[in-house]
Amino acid sequence: MAAQEGGDSEDDAILIPETATLLPSTQHCLHSINSAVFIRELRSQGISFQLWPPATTLLTLLDGHRRDPSTGPLSPTLSALDSRQRPHRILELGSGTGIVGIAAAATLGATVTVTDLPHVIPNLLFNVEANASVLAANGGLVHVAALRWGEAADVEKIGREFDLILASDVVYHDHLYEPLLNTLRLLMSGEAEEEGRVFVMAHMRRWKKDSAFFKKARKLFEVEVLHVDPPCLGSRVGVAVYRFTAKKSSRKMLNSVDNANIIA
Ligand SMILES: C[S@@+](CC[C@H](N)C(=O)[O-])C[C@H]1O[C@@H](n2cnc3c(N)ncnc32)[C@H](O)[C@@H]1O
């Protein structure tokens, strides 16, 4: 492991995996763990191969949470998971470069499955491998798997044993709204609903039509805003982070069925 210059003391040093120095990659600091993650972007290959602003927002919030778990927008969600007293199991949808999943694994010491379309998998594997030493040093583990939204068989293959689902910048083409919501429905129903599974999503509003996604989502889930970034230069709205949970009414129904069973 190599350390980057820039701090006055050894404690200030940012840990950089040696392999990363050989890659045409971008570096992202995780101050809370004195480390950096390295991501290879292949911008000429399309949207799946570059880092989008909502991913940076989640990275910053995860870093902030590790630094001070008692405050911050992710605090209630992540602190609720801590009570389970085992490493968090996280699933990321539409991971792209994988930076969010890698940062979540490193900052939370979690086991994360990063997923995307099959043609994105080789770059995801590359990025996970490039950050192997930072992950190992922080007790994080990252698995890579193909998961196509709307494909129930892909969810079956991966399983549903997750404590938290994450995504950044996955709402952009309207033909993807239904498949994404179907996958979420599969991941957040049944036992997951009983356990109070949460989906946290960072979103950058680009078009008015984005609201159609949220309209559909609100029919299926409770949707609340956890955080909004100040707008970047030249844009009217900042990245927003949403939290989706099972509809209160359906959870109440589930609980009353359970209670009835217990009484019977
Ligand atoms: C705008 S990019 C965001 C990438 C990354 N999450 C980020 O914020 O940097 C959207 C991601 O969703 C993925 N995606 C699009 N359609 C998908 C589908 N049907 N199933 C799974 N992933 C999909 C893309 O491959 C891409 O990686």
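I started with Arg 84, which I found in the loop between helix H2 (75–82) and strand S5 (89–93). The model is predicted. I then looked up Asp 163, which is 79 residues from Arg 84 in sequence. In space the two are 9.4 Å apart, C-alpha to C-alpha.

Next I checked Asn 34. Its phi is near 45 degrees, a positive value, and the residue is not a glycine. Asn 34 sits in the loop between strand S3 (25–30) and strand S4 (35–40). With 17 other C-beta atoms within 10 Å, Asn 34 is partly exposed.

Asp 169 also has a positive phi, about 55 degrees, without being a glycine. I placed Asp 169 in the loop between strand S8 (164–168) and H7. Is Asp 169 buried or exposed? I found 23 other C-beta atoms within 10 Å, so Asp 169 is buried; the cut-off for buried is 20 or more.

Last I went to helix H7, residues 177–187. Which residues of H7 are buried? I listed Tyr 177, Leu 180, Leu 181, Thr 183, Leu 184 and Leu 187. They cover an arc of only 160 degrees around the axis, so they lie on the same side of H7. I noted the general rule beside this: an α-helix has 3.6 residues a turn, so residues three or four places apart point the same way.

Note on methods
Residues numbered from 1 in each chain as written. Predicted model: local features only at pLDDT ≥ 70, side-chain atom pairs only at ≥ 80, totals over all residues. Helix = DSSP H or I, 4+ residues; strand = E, 2+ residues; numbered from the N terminus. Buried ≥ 20, exposed ≤ 12 C-beta atoms within 10 Å, placed from the backbone. Arc of directions from axis to C-beta.
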